[in-house]
Amino acid sequence: MSHTTSYTHVNGPLGRILLAWNEHGLTRVNFQDGSESFEPPSSWCRTEDDGLDVVDQFRAYFAGGLTAFDLPLAPQGTAFQLSVWQALEDIPYGQTASYGQIARQIGRPTAFRAVGAANGRNPLPVVIPCHRVVGSDGRLTGYTGGLHIKEFLLTLERGHA
(Lines give C-alpha, C1' and ligand atoms only; values in the text may rest on other atoms or scores of the structure.)
Protein backbone atom coordinates (compact mmCIF):
# COMPACT_ATOMS: atom_id res chain seq x y z
CA MET A 1 0.00 0.00 0.00
CA SER A 2 1.52 3.31 -1.03
CA HIS A 3 1.26 6.44 1.04
CA THR A 4 1.07 9.72 -0.82
CA THR A 5 3.46 12.23 0.65
CA SER A 6 2.63 15.90 0.21
CA TYR A 7 4.97 18.77 0.96
CA THR A 8 5.29 22.51 1.00
CA HIS A 9 7.81 25.11 2.08
CA VAL A 10 7.35 27.77 4.74
CA ASN A 11 9.62 30.79 4.94
CA GLY A 12 10.79 31.80 8.36
CA PRO A 13 13.61 33.54 10.17
CA LEU A 14 15.86 30.53 9.39
CA GLY A 15 15.07 30.50 5.67
CA ARG A 16 12.97 27.93 3.84
CA ILE A 17 11.68 24.97 5.79
CA LEU A 18 10.32 21.90 4.01
CA LEU A 19 7.25 20.34 5.65
CA ALA A 20 6.08 16.90 4.46
CA TRP A 21 3.16 14.73 5.54
CA ASN A 22 1.07 11.72 4.60
CA GLU A 23 -2.41 10.60 5.66
CA HIS A 24 -1.05 9.64 9.10
CA GLY A 25 0.61 12.96 9.92
CA LEU A 26 3.74 15.05 9.62
CA THR A 27 6.68 12.95 8.39
CA ARG A 28 9.50 15.43 7.80
CA VAL A 29 10.70 18.91 8.70
CA ASN A 30 13.89 20.08 7.02
CA PHE A 31 15.81 23.36 7.19
CA GLN A 32 16.48 23.86 3.48
CA ASP A 33 18.97 26.68 4.05
CA GLY A 34 20.84 24.78 6.77
CA SER A 35 23.78 22.45 6.20
CA GLU A 36 21.56 19.52 5.10
CA SER A 37 19.18 20.59 2.34
CA PHE A 38 16.76 17.90 1.15
CA GLU A 39 15.37 17.40 -2.35
CA PRO A 40 11.88 15.84 -2.22
CA PRO A 41 11.49 12.71 -4.38
CA SER A 42 9.52 13.19 -7.59
CA SER A 43 6.83 10.87 -6.17
CA TRP A 44 5.97 13.51 -3.54
CA CYS A 45 3.17 15.96 -4.28
CA ARG A 46 3.91 19.68 -3.87
CA THR A 47 1.09 21.63 -2.23
CA GLU A 48 0.47 25.35 -1.88
CA ASP A 49 0.81 26.50 1.70
CA ASP A 50 -2.32 28.69 1.81
CA GLY A 51 -4.51 27.78 4.76
CA LEU A 52 -2.51 24.71 5.81
CA ASP A 53 -2.66 24.19 9.56
CA VAL A 54 0.95 22.97 9.70
CA VAL A 55 2.17 26.15 7.99
CA ASP A 56 0.04 28.37 10.24
CA GLN A 57 1.46 26.64 13.33
CA PHE A 58 5.07 27.08 12.14
CA ARG A 59 4.46 30.78 11.45
CA ALA A 60 2.87 31.21 14.90
CA TYR A 61 5.81 29.38 16.54
CA PHE A 62 8.38 31.65 14.87
CA ALA A 63 6.30 34.71 15.81
CA GLY A 64 6.50 33.60 19.45
CA GLY A 65 2.78 32.90 19.70
CA LEU A 66 2.84 29.09 19.80
CA THR A 67 4.56 27.06 22.50
CA ALA A 68 3.33 23.57 21.53
CA PHE A 69 2.43 22.16 18.14
CA ASP A 70 -0.90 20.35 17.79
CA LEU A 71 -0.39 18.18 14.73
CA PRO A 72 -0.68 14.48 13.96
CA LEU A 73 2.87 13.13 13.75
CA ALA A 74 4.12 10.15 11.76
CA PRO A 75 7.90 9.94 12.22
CA GLN A 76 9.57 6.77 10.94
CA GLY A 77 12.20 5.19 13.17
CA THR A 78 13.21 2.25 15.32
CA ALA A 79 11.40 1.51 18.59
CA PHE A 80 14.32 3.06 20.48
CA GLN A 81 14.31 6.21 18.34
CA LEU A 82 10.54 6.56 18.75
CA SER A 83 10.90 6.27 22.56
CA VAL A 84 13.55 9.02 22.54
CA TRP A 85 11.49 11.27 20.29
CA GLN A 86 8.45 10.77 22.52
CA ALA A 87 10.52 11.74 25.57
CA LEU A 88 11.68 14.93 23.80
CA GLU A 89 8.06 16.06 23.58
CA ASP A 90 7.99 16.22 27.41
CA ILE A 91 10.71 18.92 27.57
CA PRO A 92 8.82 22.15 28.30
CA TYR A 93 8.98 25.11 25.92
CA GLY A 94 11.90 27.38 26.77
CA GLN A 95 13.70 24.72 28.83
CA THR A 96 16.40 22.15 28.14
CA ALA A 97 17.30 18.62 29.21
CA SER A 98 20.55 16.68 28.89
CA TYR A 99 21.10 13.50 26.89
CA GLY A 100 21.61 11.71 30.22
CA GLN A 101 18.27 12.97 31.57
CA ILE A 102 16.49 11.67 28.46
CA ALA A 103 18.31 8.32 28.76
CA ARG A 104 17.13 7.99 32.37
CA GLN A 105 13.60 9.06 31.43
CA ILE A 106 13.27 6.23 28.90
CA GLY A 107 14.71 3.69 31.36
CA ARG A 108 18.10 3.35 29.63
CA PRO A 109 20.38 5.40 31.95
CA THR A 110 23.65 4.42 30.25
CA ALA A 111 22.38 4.97 26.70
CA PHE A 112 23.08 8.72 26.51
CA ARG A 113 25.22 8.31 23.35
CA ALA A 114 22.43 6.32 21.68
CA VAL A 115 20.00 9.03 22.79
CA GLY A 116 22.27 11.55 21.07
CA ALA A 117 22.28 9.49 17.88
CA ALA A 118 18.47 9.15 17.95
CA ASN A 119 18.18 12.88 18.63
CA GLY A 120 20.28 13.57 15.53
CA ARG A 121 17.99 11.41 13.39
CA ASN A 122 14.79 13.15 14.50
CA PRO A 123 12.85 13.74 11.26
CA LEU A 124 10.62 16.40 12.86
CA PRO A 125 12.90 19.05 14.38
CA VAL A 126 11.13 21.96 16.08
CA VAL A 127 7.88 19.95 16.39
CA ILE A 128 9.69 17.18 18.30
CA PRO A 129 12.01 19.59 20.13
CA CYS A 130 15.43 17.97 19.78
CA HIS A 131 16.90 21.49 19.94
CA ARG A 132 16.07 21.45 23.67
CA VAL A 133 18.61 18.68 24.36
CA VAL A 134 22.03 19.90 25.48
CA GLY A 135 25.21 18.42 26.89
CA SER A 136 25.38 17.56 30.60
CA ASP A 137 27.32 20.79 31.17
CA GLY A 138 24.59 22.83 29.42
CA ARG A 139 26.70 23.29 26.29
CA LEU A 140 25.04 23.25 22.89
CA THR A 141 25.99 20.12 21.00
CA GLY A 142 25.34 19.17 17.37
CA TYR A 143 22.17 20.01 15.49
CA THR A 144 20.90 18.94 12.09
CA GLY A 145 21.25 21.92 9.81
CA GLY A 146 23.80 23.65 12.06
CA LEU A 147 24.30 24.83 15.62
CA HIS A 148 23.17 28.35 14.67
CA ILE A 149 19.67 26.93 14.16
CA LYS A 150 19.65 25.28 17.61
CA GLU A 151 20.89 28.49 19.19
CA PHE A 152 18.23 30.53 17.39
CA LEU A 153 15.40 28.21 18.49
CA LEU A 154 16.51 28.20 22.15
CA THR A 155 16.88 32.00 22.16
CA LEU A 156 13.43 32.39 20.56
CA GLU A 157 11.83 30.16 23.19
CA ARG A 158 13.62 31.78 26.13
CA GLY A 159 12.39 35.15 24.91
CA HIS A 160 8.75 34.00 24.87
CA ALA A 161 8.61 31.45 27.71
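Figure 1. The chain holds 5 helices and 6 strands. Helices (H or I, at least four residues) and strands (E, at least two) are DSSP runs, numbered from the N terminus. Residue numbers start from 1 along each chain as its sequence is written. In this predicted model, local features need pLDDT of at least 70, side-chain atom pairs count only at pLDDT 80 or more, and totals for chains, interfaces and linings use all residues, while side-chain values use heavy atoms, with hydrogens and water left out.

**Figure 2. Overall dimensions and surface of the protein chain.** Taken along the principal axes, the C-alpha atoms fill a box of roughly 45 × 40 × 25 Å. The radius of gyration of the protein chain is 15 Å, which agrees with the value near 15 Å for a compact globule of 161 residues; this radius is taken over C-alpha atoms, and the globule rule is 2.2 Å times the number of residues to the power 0.38. Of the 161 residues, 49% are buried (under 20% relative accessible area, with exposed over 50% and partly exposed in between; 1.4 Å probe, protein chains only). The accessible surface is about 8,300 Å², and carbon and sulfur atoms account for 48% of this surface (Shrake-Rupley method with a 1.4 Å probe; for residues, only the protein chains shown count as cover). Among contacts (heavy atoms within 4.5 Å) with a separation of 6 or more, 56% join residues 24 or more positions apart.

**Figure 3. Packing of helix α2 against helix α4.** The axes of α2 (residues 79-88) and α4 (residues 112-120) come within 9 Å and cross at roughly 80 degrees. The two helices are therefore roughly perpendicular to each other. On the α2 side, the contact is made by Phe80, Gln81, Val84, Trp85 and Leu88, and on the α4 side by Ala114, Val115, Ala118 and Asn119. By class, this contact has 7 nonpolar residues, 2 polar and no charged ones. Axes are lines fitted to C-alpha atoms, for helices over the stretch in contact, and angles run from 0 to 180 degrees between N-to-C directions. Angles under 35 degrees count as roughly parallel, over 145 as roughly antiparallel, 65 to 115 as roughly perpendicular and the rest as oblique. Ala, Val, Leu, Ile, Met, Phe, Trp, Tyr, Cys and Pro count as nonpolar, Asp, Glu, Lys and Arg as charged, and the others, Gly among them, as polar.

**Figure 4. Surroundings of Ile128.** Ile128 lies in the loop between α4 and β6 (133-134). Its relative accessibility is 1%, so Ile128 counts as buried. Beyond neighbours within four places in sequence, Ile128 contacts Leu73, Pro75, Trp85, Leu88, Glu89 and Asn122. Trp85 and Leu88 also belong to the α2 side of the contact with α4.

**Figure 5. Surroundings of His9.** His9 is part of strand β1 (residues 6-12) and is buried at 11% relative accessible area. Not counting residues up to four places away in sequence, His9 touches Arg16, Ile17, Leu18, Gln32, Arg46 and Asp49. Val55 is 46 residues from His9 in sequence, with a C-alpha to C-alpha distance of 8.2 Å.

**Figure 6. Surroundings of Gln57.** Gln57 sits in helix α1 (residues 53-62) and is buried, with a relative accessible area of 9%. Apart from neighbours within four places in sequence, Gln57 is in contact with Leu66, Phe69, Asp70 and Leu71.
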